[in-house]
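Please look through the sequence and the model below, and then follow the account of its side-chain contacts and their surroundings.

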Amino acid sequence: MLDVNEGRIQYVVIEYGGFLGIGEKFFAVPYELLGISTEEHAFVLDQDKEVLKNAPGFDKDHWPDTNSHSYEPYGTYWGSFMGSN
């Protein structure tokens, strides 16, 4: 999610779990929680697997309203990172 007013990335959506496209869970994660691995050429979320297992998420068919920057479960879990509209 881009904050076009501030010109920055607010959060990214990552996928975790599931098998062959079944049962995966998606998470909106604050961009600030991601690091960069220059060796793997990838973003890294340095969190324990239990953090993701317990985090509020959504499935691929039921995305939160992306025009709303105040999706309460994510703000409560990760801290208030989705600013005002």
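**A walk through the contacts**

Glu 32 counts as exposed, because its relative accessibility of 52% lies in the range over 50% that the term requires. This is a predicted model, and the description that follows should be read with that in mind. The side chain of Glu 32 meets that of Arg 8 in a salt bridge, with a distance of 3.3 Å from N to O. The two partners come from distant parts of the chain, 24 residues apart, with Glu 32 in the loop between β4 and β5 (34-37) and Arg 8 in strand β2. Arg 8, for its part, is partly exposed, its relative accessible area being 36%. A search of the whole structure finds 1 salt bridge.

Strand β2, which spans residues 8-9, also holds Ile 9. Ile 9 is partly exposed, with a relative accessible area of 33%, and together with Leu 2 and Val 4 this residue makes a nonpolar surface patch of about 300 Å².

From the surface we can turn to strand β4, which covers residues 25-30 and includes Ala 28. Is Ala 28 buried or exposed? With a relative accessible area of 1%, Ala 28 is buried, since that term applies to values under 20%. The C-alpha atom of Ala 28 is separated by 4.5 Å from that of Val 13, although the two residues are 15 residues apart along the chain.

The aromatic side chains come next, and here the count comes to 2 aromatic pairs. In one of them, the rings of Phe 26 and Phe 58 have their centres 6.0 Å apart and their planes at 20°, so the pair is stacked, given that planes under 30 degrees apart count as such. Because Phe 26 lies in strand β4 whereas Phe 58 belongs to the loop between α1 (49-54) and α2 (72-78), this pair ties together parts that are 32 residues apart in sequence. Phe 26 and Phe 58 are both buried.

Tyr 31 and Phe 43 also form an aromatic pair, in this case edge-to-face, with 6.2 Å from centre to centre and 65° between the planes. This pair, too, links distant parts of the chain, as Tyr 31 sits in the loop between β4 and β5 and Phe 43 in strand β6 (residues 42-45), 12 residues apart. Tyr 31 has a relative accessible area of 29% and is therefore partly exposed.

Definitions and conventions:
Residues numbered from 1 in each chain as written. Predicted model: local features only at pLDDT ≥ 70, side-chain atom pairs only at ≥ 80, totals over all residues. Heavy atoms only, no water. Helix = DSSP H or I, 4+ residues; strand = E, 2+ residues; numbered from the N terminus. Buried < 20%, exposed > 50% of the residue type's maximum accessible area, 1.4 Å probe, protein only. Patch = residues over 30% accessible without salt bridge, like charges linked within 9 Å, V, L, I, M, F, W, Y side chains within 5 Å. Areas by Shrake-Rupley, 256 points an atom, 1.4 Å probe, with all protein chains shown as cover. Salt bridge = Lys/Arg side-chain N within 4 Å of Asp/Glu carboxyl O. Phe/Tyr/Trp six-rings, centres within 6.5 Å; stacked < 30°, edge-to-face > 60°.
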